[in-house]
Amino acid sequence: MPNTIFQDCEETQICNGSILIEGMRFPAHLYAPKTIHSALAYNARADDIFIVTMPRSGTTWMQTIVYALLNNGQGFDENLDDFIARNPFLEMHGSNVVEAMPRPGAIKTHLVFEHIPYHPNAKYICVVRNPKDVCVSFFRFIISLSPEAAKNSSFDCLFEQFLAGQTGHADYFDYLFSCWEHRDDPNVLFVLYEDMKANIRSSIIRVAQFLNIDLNKKLLERTVLVTQFDYLKQNRFNERIIDSEPSTTIEFVRKGIVGDWRTVLSDEQSRRLDAHFYEKTRDIPGLNTLWHGYNVFNSCT
Ligand code: PPS
């Protein structure tokens with residue numbers, strides 16, 4: 001039975017270590033109910049830029065791209081405090097931090113689209129990634145949280161939770177469907193992680209156009225350089241963020257490839273996820289073939 005606590009007059013349920021709010025699940029050791037409620041109540045502004053993702057889908061990469069584009073090609077490492085201040089995490093840091101952030105910047109959120117504070121002139125960059133790599137990256141993220149988490153977690157168990165839509169923060173398909181639904185809105189940019197991997201220049205050009213940033217060749221090449229995987233690794237992105245936020249142990253930059261799932265999923269798990277994806281998307285033309293060129297779904301699509 002979930003137990004119930006009361007926080008600032010808002011009823012909040014905690015169940016199996018997760019805070020349950022609006023159908024989403026937030027790991028209770030990482031989030032505070034009061035902060036999540038403040039995030040949901042944030043008044044979006046016309047100059048807001050949101051980076052909208054299911055965890056492990058390319059948030060960090062997009063953050064570094066938007067930051068470089070907005071700051072004349074500046075890498076995260078040139079002024080780490082500035083990078084952090086301009087990239088608040090809505091439901092982790094709360095509305096006060098977002099209201100006070102230096103602008104221009106980008107607001108990271110793992111809220112499902114319909115729960116993200118909306119302003120018709122705000123911009124929403126949705127990054128989605130194929131579910132197999134998200135699932136594997138999610139598992140790596142969980143086991144990196146603590147030695148106990150590593151000891152008590154098994155991929156097989158996480159995989160079943162993923163299929164059942166019970167990993168934090170919401171079902172993979174809640175993100176995919178809600179972003180897909182808004183993909184043609186003028187204030188939404190729908191981006192595939194795999195397309196970024198395949199052609200980062202054209203992805204950066206799309207982001208710059210969406211943000212009305214005048215992109216010349218120099219800024220494009222500088223943005224490619226300071227946001228690429230090797231640059232983030234070599235300049236110790238993870239360690240520096242962890243140093244500045246000691247509660248964090250997350251490998252924001254880990255392996256960064258398409259298809260890492262092949263090293264982890266069994267053939268049977270792969271087939272089951274193929275079937276699940278096909279079942280969920282079969283009646284949605286375009287979405288069911290979204291990863292067509294990337295050799296993700298073998299058996300059904
Ligand atoms: S988080 O924890 O939700 O903020 O994670 P998120 O940033 O959304 O996703 C982490 C995955 O993105 C990979 N990543 C990159 N891939 C390619 N290029 C660059 N520059 C890059 N930066 C981060 C990161 O390695 C995670 O994927 P996996 O598969 O775990 O390596």
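Reader: To start, how much space lies in the largest cavity?
Author: Please keep in mind that this is a predicted model. In this model, about 60 Å³ of space lies in the largest cavity.

Reader: And how many cavities of 30 Å³ or more does a search of the whole structure find?
Author: When the whole structure is searched, one cavity of 30 Å³ or more is found.

Reader: Okay, which residues line the largest cavity?
Author: The lining is made up of Val 52, Thr 53, Met 54, Ser 57, Val 127, Val 128, Arg 129, Tyr 172, Tyr 175, Leu 176 and Cys 179. Two or more residues of this lining come from each of strand E5 (49-53), strand E7 (123-128) and helix H9 (172-181), and H9 provides the largest share, with four residues.

Reader: How does that lining divide into nonpolar, polar and charged residues?
Author: Eight residues of the lining of the largest cavity are nonpolar, two are polar and one is charged.

Reader: Switching to the ligand, which residues come nearest to it?
Author: There are 22 residues around the ligand, and those that come nearest are Thr 59, Thr 60, Ser 137, Arg 254 and Lys 255. For Thr 60, a polar side-chain atom lies 2.6 Å from an oxygen atom of the ligand.

Reader: What about Arg 129, how far is its side chain from an oxygen atom of the ligand?
Author: An N or O atom in the side chain of Arg 129 is 2.9 Å from an oxygen atom of the ligand, and Arg 129 is also among the residues that line the largest cavity. In the case of Gly 58, a polar backbone atom is 3.1 Å from an oxygen atom of the ligand.

Reader: So how much of the ligand does the protein bury?
Author: The ligand taken alone exposes 640 Å², and the protein buries 99% of that.

Reader: Which element gives the most to the shell around it?
Author: Helix H2 (59-70) and helix H13 (229-234) are the elements that give two or more residues to the shell around the ligand, and H2 gives the most, with three residues. Counted by type, the shell around the ligand has eight nonpolar, nine polar and five charged residues.

Reader: Last topic, the strands: in what sense do E3 and E4 pair?
Author: Strand E3 (residues 18-21) and strand E4 (residues 24-27) pair in the antiparallel sense, over four bridges, and Ile 19 stands opposite Phe 26 in E4.

Reader: And what lies between E3 and E4?
Author: The two strands form a hairpin with two residues between them, and Glu 22 in the turn has a positive phi of about 50°.

Note on methods:
Residues are numbered from 1 along each chain as its sequence is written. This is a predicted model: local features need pLDDT of at least 70, side-chain atom pairs count only at pLDDT 80 or more; totals for chains, interfaces and linings use all residues. Side-chain values use heavy atoms; hydrogens and water are left out. A residue is near a molecule or strand if one of its heavy atoms lies within 4 Å of it. A polar contact is a pair of N or O atoms within 3.5 Å; within protein, one must be able to donate a hydrogen and the other to accept it, and residues adjacent in sequence count only if both atoms are side-chain atoms. Accessible areas come from the Shrake-Rupley method with a 1.4 Å probe; for residues, only the protein chains shown count as cover. Ala, Val, Leu, Ile, Met, Phe, Trp, Tyr, Cys and Pro count as nonpolar, Asp, Glu, Lys and Arg as charged, and the others, Gly among them, as polar. Two strands pair if DSSP finds at least two bridges between them. On a 1 Å grid over the protein atoms alone, a cavity is a set of points where a 1.4 Å probe fits but cannot get out, and a pocket is an open set with protein on both sides within 12 Å along at least five of seven lines; lining residues have an atom within 4 Å of a point. Grid points are joined across faces, edges and corners, and a volume is the space filled by probe spheres set on the points.
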